[in-house]
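Dear colleague,

Please find below the structure that I am handing over to you, together with its sequence. My findings follow it, arranged by region.

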Amino acid sequence: MKKGTKRICSLVLLVLIALLLFWLEANKSGQGMLISILQKSAILAIVAVSMNLLNGFTGLFSLGQAGFMSIGAYITAILTIPVVNLDGVYYMNGVAPWVRALKEGMEAGPSWLQSVYPFLALIVGGLVAAGFAALIGIPVLRLKSDYLAIATLGFSEIIRAIFSSPQMDTITNGSYGLNKVPTFPKFFGLPSLFTPFIIAGVTIALMVLLINSSYGRAFKAIREDEVAAEAMGISLFRHKELSFVVSSFFTAISGGLLAMFMRSIEAKTFSIALTYDILLIVVIGGIGSVSGSVLSAFLVTASKEWWLRFFDQPLTIGGWQVPLFRTGFRMVIFSILLMAVVLFYRRGIMGNSEFSWDGVARLPGRIKGWFSRKRPAHEAAGGDGI
Amino acid sequence: MLNISNLKVNYGGIEAVKGISFTVPEKSIVTLIGANGAGKSTTLRAIAGLVPIKGGTIEFLGKQISGLPSEKIVGTGITLVPEGRRVFPDLTVLENIKIGAYLRKDDLTDDINWVYDLFPRLKERSWQLAGTLSGGEQQMLAVGRALMSRPKLIMMDEPSLGLAPLIVQGIFDIIKEINRQGVTILLIEQNANLALRAADYGYVLETGNITLDGTGAELLENEDVKAAYLGKKKK
């Protein structure tokens with residue numbers, strides 16, 4: 001495919017996405033379900049890509065995502081809950097005086113500044129998480145594979161325990177969690193519905209830039225062979241630390257967005273199950289593929305929350321009540337689908353290749369290939385990605 | 001150029017290198033030969049800063065480099081071609097080559113062309129994944145990758161390992177060619193015959209000690225070397 005054609009295709013895709021967003025904005029009340037699924041997918045796409053940066057590109061198997069997300073979520077929530085709502089939110093234990101003072105100070109600022117506070121809150125959350133990552137990275141990044149996974153998992157659980165501890169009652173509201181978190185802010189006058197998508201686009205683009213830079217090449221070298229990378233003059237510790245810090249920063253940003261999306265958070269939200277959900281997205285999408293992670297964030301979220309919903313309702317065909325169709329059955333189907341995907345696409349939907357228009361152009365041929373016995377040559381030669 | 005004196009290295013709980021001293025003069029090919037477990041690889045890894053040293057000094061171009069982290073040592077102009085090639089299998093040939101120049105910030109085009117001139121095969125395969133190359137091609141890639149840091153001294157750990165004799169000959173021709181272009185070479189080999197023929201000077205390493213040294217030709221004629229490494233009977 002020619003370069004010009006590809007550019008036109010990309011442009012058309014962007015316009016279609018924008019049109020979809022404007023259409024959703026116009027039909028907000030009727031399409032609430034679709035909007036919330038797409039927004040959640042965009043938020044999860046950010047974590048999935050940042051987890052992929054760490055696990056897929058640097059080869060560091062970390063399971064601390066939920067912990068870093070909770071840091072971002074709590075900081076964003078605390079900074080954005082309006083002062084008028086403070087007493088209602090902290091009705092059990094009251095709010096720490098310095099938190100109230102800080103927030104009153106913030107609300108005294110000029111209005112243009114107040115309109116960027118939500119974005120600042122996201123960035124502050126990201127920076128704090130990055131700071132934590134830098135600190136725990138020093139001891140933890142000496143570990144490899146399973147051991148690193150266990151250490152980061154432990155960190156994530158510790159963070160969760162701290163946020164829900166009674167000692168933190170006046171700041172994080174302990175086990176009651178925080179609510180009345182304002183929804184997404186407006187982004188330069190665009191409707192607030194657009195914000196998660198714009199932030200997802202920007203953060204993912206930044207991570208792609210990093211992956212394609214010479215740092216990204218060093219990350220991949222470390223993933224492939226640490227000894228050889230070290231012999232080439234790549235400092236293992238510095239690069240692992242960089243990857244860990246950057247990944248944690250974006251993970252926390254998505255945590256902050258999740259707080260805005262859910263409007264209320266509690267420590268339980270950020271249990272290990274959340275990390276597994278993200279790991280699932282990364283594995284299904286393809287470890288080492290950014291576009292795979294994005295694609296699978298939307299696919300997994302949509303099938304979990306939407307496409308499979310009808311399995312949860314009782315179904316009657318011609319007076320015959322179909323057995324098994326009841327609440328929770330959708331998760332059974334979902335798990336079976338997961339197993340099927342993993343069996344047939346062992347390296348995820350995209351493997352470690354990226355989305356390209358050439359791949360899309362080949363897709364019809366491949367689909368035909370599935371139904372005819374003869375497999376097309378490029379598929380027989382290997383390569384799972386489209 | 002490189003002066004090693006009384007180098008001691010522990011590896012895996014044992015003293016693998018027990019106080020060896022040798023020098024590598026500028027623009028020469030020096031080889032360390034010895035059986036498995038003699039401490040050859042450990043010596044190279046210690047010079048490259050990949051394993052900590054226990055005692056002694058390593059001096060390069062008049063400066064102490066022992067104790068420096070490996071990225072600083074690469075910066076001084078020493079590169080290691082690790083044992084078993086260790087190319088990055090899921091990256092393309094070109095990406096592998098570029099990683100070799102990781103510490104450099106200047107333009108790489110000339111050097112990439114230089115490597116492609118030395119190894120035309122790599123140019124043909126520049127978009128192929130390194131893991132799909134044959135053993136000989138991977139060895140070429142490992143050498144080419146190491147050359148990208150523009151080293152003054154290149155250390156090669158058993159470049160003939162697991163390669164067919166014809167290909168090994170090709171690799172040695174290229175080693176000599178690189179040396180002719182002004183790069184000093186420290187070579188480790190089990191294939192003593194080939195290594196000594198190529199080398200200006202050689203050292204025989206046995207269980208962590210240097211037991212013999214001499215020019216390549218001298219060692220080739222030495223009765224003990226012949227018996228132990230060249231498979232010829234003592235007269």
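In this predicted model, α13(A) passes α14(A) in a right-handed crossing. The two axes, of helix α13 (residues 272-285) of chain A and of α14(A), come within 8 Å and cross at roughly 120 degrees. At that angle α13(A) is classed as oblique to α14(A). On the α13(A) side, the contact is formed by Leu280(A), Ile281(A), Val282(A), Ile284(A) and Gly285(A). On the α14(A) side, Gly292(A), Ser293(A), Leu295(A), Ser296(A), Ala297(A) and Val300(A) take part. By class, the contact of α13(A) with α14(A) comprises 7 nonpolar and 4 polar residues, with no charged ones.

A further helix packs against α14(A). Helix α2 (residues 32-57) of chain A and helix α14 (residues 290-307) of chain A have axes that come within 8 Å and cross at roughly 140 degrees. This angle makes α2(A) oblique to α14(A), and their crossing is right-handed. From α2(A), the residues in contact are Met33(A), Ile37(A), Lys40(A), Ser41(A), Leu44(A), Ala45(A), Ala48(A), Val49(A) and Asn52(A). Their counterparts in α14(A) are Val290(A), Ser293(A), Val294(A), Ala297(A), Phe298(A), Thr301(A), Ala302(A), Glu305(A) and Trp306(A). The contact of α2(A) with α14(A) divides into 12 nonpolar, 4 polar and 2 charged residues.

Next, the nonpolar core. In soluble globular proteins, nonpolar side chains tend to be buried together. Which residues of the largest nonpolar core touch the most other members? Among its 154 residues, they are Ala45(A), Ala48(A) and Met155(B). The element that gives the most to this core is α2(A), with 13 residues. Leaving aside residues up to four places away in sequence, Ala45(A) touches Ala200(A), Ile204(A), Ser293(A), Val294(A) and Ala297(A).

As to the interface, 16 residues of chain A are in contact with 21 residues of chain B. Within the side of chain B that touches chain A, α2 (70-76) and α3 (93-100) of chain B each supply at least two residues. That side of chain B consists of 12 nonpolar, 4 polar and 5 charged residues.

- Phe261(A) is placed in helix α12 (residues 236-262) of chain A. Because 19 other C-beta atoms lie within 10 Å, Phe261(A) is partly exposed. Phe261(A) and Gln39(A) are 222 residues apart in sequence, yet 7.7 Å apart in space, C-alpha to C-alpha. Not counting residues up to four places away in sequence, Phe261(A) touches Gln39(A), Lys40(A), Ile43(A) and Pro196(A).
- Ser145(A), in helix α7 (residues 145-163) of chain A, has a phi near 35 degrees, a positive value in a residue other than glycine. With 10 C-beta neighbours inside 10 Å, Ser145(A) counts as exposed.
- Asn173(A) is found in the loop between α8 (169-172) and α9 (195-212) of chain A. The phi of Asn173(A) is near 60 degrees, again a positive value in a residue other than glycine. Asn173(A) has 27 C-beta neighbours inside 10 Å and therefore counts as buried.

Yours sincerely

Methods
Residues numbered from 1 in each chain as written. Chains lettered and ligands numbered in written order. Predicted model: local features only at pLDDT ≥ 70, side-chain atom pairs only at ≥ 80, totals over all residues. Axes fitted to C-alpha atoms, helices over the stretch in contact; angles between N-to-C directions. Helix = DSSP H or I, 4+ residues; strand = E, 2+ residues; numbered from the N terminus. Parallel < 35°, antiparallel > 145°, perpendicular 65-115°, else oblique. Left-handed = near helix turned anticlockwise from the far one by under 90°. Contact = placed C-beta atoms within 7 Å. Nonpolar A, V, L, I, M, F, W, Y, C, P; charged D, E, K, R; others polar. Core = buried A, V, L, I, M, F, W, Y, C linked by C-beta atoms within 7 Å. Buried ≥ 20, exposed ≤ 12 C-beta atoms within 10 Å, placed from the backbone.
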